[in-house]
Amino acid sequence: EKEDESKDEKYYRCEFGMSSFTRTFELPEDAREDDIQAKFDKGILLIVIPKTSPREEVKKKISIK
């Protein structure tokens, strides 16, 4: 954090500079990492993490002789 302050008879000015912010989290196993999208709009961060479609159940026929 950085501050810059200036005082005069007619005005008072104070500026703040903030450093970057990071956060990490684990993705679910069924997330499609290549299709993740993020958008920052009006102070809100929206992250879309699409999931893969559920695996279709594989049915296998076994003939008994």
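The stops below proceed from the whole chain to single residues.

**The whole chain**

Begin by selecting the entire protein chain, and bear in mind that the model is predicted. The chain has 65 residues, of which 5% count as buried. Its accessible surface amounts to about 7,600 Å², and carbon and sulfur atoms contribute 49% of that area. Among contacts with a separation of 6 or more, 2% come from residues 24 or more positions apart.

**Colour by confidence**

Next, colour the chain by pLDDT. The mean is 77, and 75% of the residues reach 70 or more. Which elements mark the lowest and the highest mean pLDDT? Strand β1, residues 2-7, has the lowest mean at 62, while strand β3, residues 37-41, has the highest at 90.

**Secondary structure**

Switch to a cartoon view. The chain contains four strands and zero helices, and the order from the N terminus is β-β-β-β.

Select residues 37-41 together with residues 44-48, the latter being strand β4. In what sense do β3 and β4 pair, and over how many bridges? The pairing is antiparallel and extends over five bridges. Now pick D41 and look across to β4, where its bridge partner is I44.

**A nonpolar patch on the surface**

Display the side chains of F25, L27, I36, F40, L45 and I47 on the surface. These residues form a nonpolar patch, and their accessible area together is about 580 Å². Centre the view on F25, a member of this patch. F25 is located in the loop between β2, residues 12-17, and β3. Is F25 buried or exposed? Its relative accessibility is 52%, and because exposed means over 50%, F25 counts as exposed.

**The salt bridge**

Finally, select R32 and D35. The model has one salt bridge by the rule applied, which places a side-chain nitrogen of Lys or Arg within 4 Å of a carboxyl oxygen of Asp or Glu. R32 and D35 form a salt bridge, with their closest N and O atoms 3.4 Å apart. How accessible are the two partners? R32 has 37% relative accessibility and therefore counts as partly exposed. D35, with a relative accessible area of 38%, is also partly exposed.

Conventions:
Residues are numbered from 1 along each chain as its sequence is written. This is a predicted model: local features need pLDDT of at least 70, side-chain atom pairs count only at pLDDT 80 or more; totals for chains, interfaces and linings use all residues. Side-chain values use heavy atoms; hydrogens and water are left out. pLDDT is the predictor's confidence in each residue, from 0 to 100. Helices (H or I, at least four residues) and strands (E, at least two) are DSSP runs, numbered from the N terminus. Two strands pair if DSSP finds at least two bridges between them. Patches are made of residues with over 30% relative accessible area and no salt bridge: like charges are joined within 9 Å, nonpolar side chains (Val, Leu, Ile, Met, Phe, Trp, Tyr) within 5 Å. Accessible areas come from the Shrake-Rupley method with a 1.4 Å probe; for residues, only the protein chains shown count as cover. Buried means under 20% relative accessible area, exposed over 50%, partly exposed in between (1.4 Å probe, protein chains only). Contact means heavy atoms within 4.5 Å.
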